[in-house]
Amino acid sequence: MARPFYIDDDECIGDGSCADICPDCFIFEEGMTVAKVMHFDCDEELIEEAMMTCPMQCIHWGEGD
Ligand code: SF4
């Protein structure tokens, strides 16, 4: 089973770098102010890279709120 993760919407600044790194798992399109998680079934290394690259460090493992 894929490991869940979430974006803290209160912290996200919408720069879109998570979606650049892992477009299968994250979506950030024109008109959106924060990125969204599409699904969890992605390469964990790519998710970790997105977590480390995120300027706000607001992508976290877990279910979120
Ligand atoms: S990289 Fe972080 S701050 Fe940028 S859109 Fe993704 S979650 Fe938001």
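Q: What kinds of residues make up the shell around the ligand?
A: The shell divides into twelve nonpolar residues, three polar ones and one charged one. Keep in mind that this is a predicted model.

Q: And which of them come nearest to the ligand?
A: Of the 16 residues around the ligand, the nearest are Cys12, Asp15, Cys18, Ala35 and Cys54.

Q: OK, stepping back. How many helices and strands does the protein chain have?
A: The protein chain has two helices and four strands.

Q: What pattern do they follow along the sequence?
A: Read along the sequence, the pattern is β-α-β-β-α-β.

Q: What are the overall dimensions of the C-alpha trace?
A: Along its principal axes, the C-alpha trace of the protein chain spans about 30 × 25 × 20 Å.

Q: How much of the chain is buried?
A: Buried residues account for 18% of the 65 residues in the protein chain.

Q: Which residues make up the largest nonpolar core?
A: That core has twelve residues in all: Phe5, Ile7, Cys12, Cys18, Cys22, Cys25, Phe26, Ala35, Ile47, Ala50, Cys54 and Ile59. The elements that give two or more residues to this core are β1, residues 5–7, and α2.

Q: Let's take one from β1. What does Phe5 touch?
A: Leaving out residues up to four places away in sequence, Phe5 touches Val37, Phe40, Ile47, Ile59, His60, Trp61 and Gly62.

Q: Now Ile7. Is Ile7 buried or exposed?
A: Ile7 counts as buried, because there are 21 C-beta neighbours inside 10 Å. Ile7 is found in strand β1.

Q: What is Ile7 in contact with?
A: Apart from neighbours within four places in sequence, Ile7 is in contact with Cys12, Val34, Ala35, Val37, Cys58 and Ile59.

Q: How far is Ile7 from Gly62?
A: Their C-alpha atoms are separated by 9.8 Å, and the two residues are 55 residues apart along the chain.

Q: What does Val37 touch?
A: Not counting residues up to four places away in sequence, Val37 touches Phe5, Tyr6, Ile7, Cys25 and Phe26. The C-alpha atoms of Val37 and Phe5 are separated by 8.1 Å, although these residues are 32 residues apart along the chain.

Q: How much of the contact in the chain joins residues at least 24 apart?
A: Taking contacts between residues at least 6 apart in sequence, 60% join residues at least 24 apart.

Q: Changing topic: where is Gln57 found?
A: Gln57 is in the loop between α2, residues 44–53, and β4, residues 59–61.

Q: Why does Gln57 count as exposed?
A: Gln57 counts as exposed because there are 11 C-beta neighbours inside 10 Å. The cut-off for exposed is 12 or fewer.

Q: What about the phi of Gln57?
A: Phi of Gln57 is near 50°, a positive value in a residue other than glycine. Most residues other than glycine have a negative phi.

Q: And how far is Gln57 from Ile7?
A: Gln57 and Ile7 are 9.2 Å apart in space, C-alpha to C-alpha, and 50 residues apart in sequence.

Q: Last one, Pro55. Where is Pro55 placed?
A: Pro55 is also in the loop between α2 and β4. Pro55 counts as exposed, because there are 10 C-beta neighbours inside 10 Å.

Q: Which residues does Pro55 touch?
A: Pro55 touches Ile13 and Asp15, not counting residues up to four places away in sequence.

Note on methods: Residues numbered from 1 in each chain as written. Predicted model: local features only at pLDDT ≥ 70, side-chain atom pairs only at ≥ 80, totals over all residues. Near = placed C-beta within 6 Å. Nonpolar A, V, L, I, M, F, W, Y, C, P; charged D, E, K, R; others polar. Contact = placed C-beta atoms within 7 Å. Buried ≥ 20, exposed ≤ 12 C-beta atoms within 10 Å, placed from the backbone. Core = buried A, V, L, I, M, F, W, Y, C linked by C-beta atoms within 7 Å.
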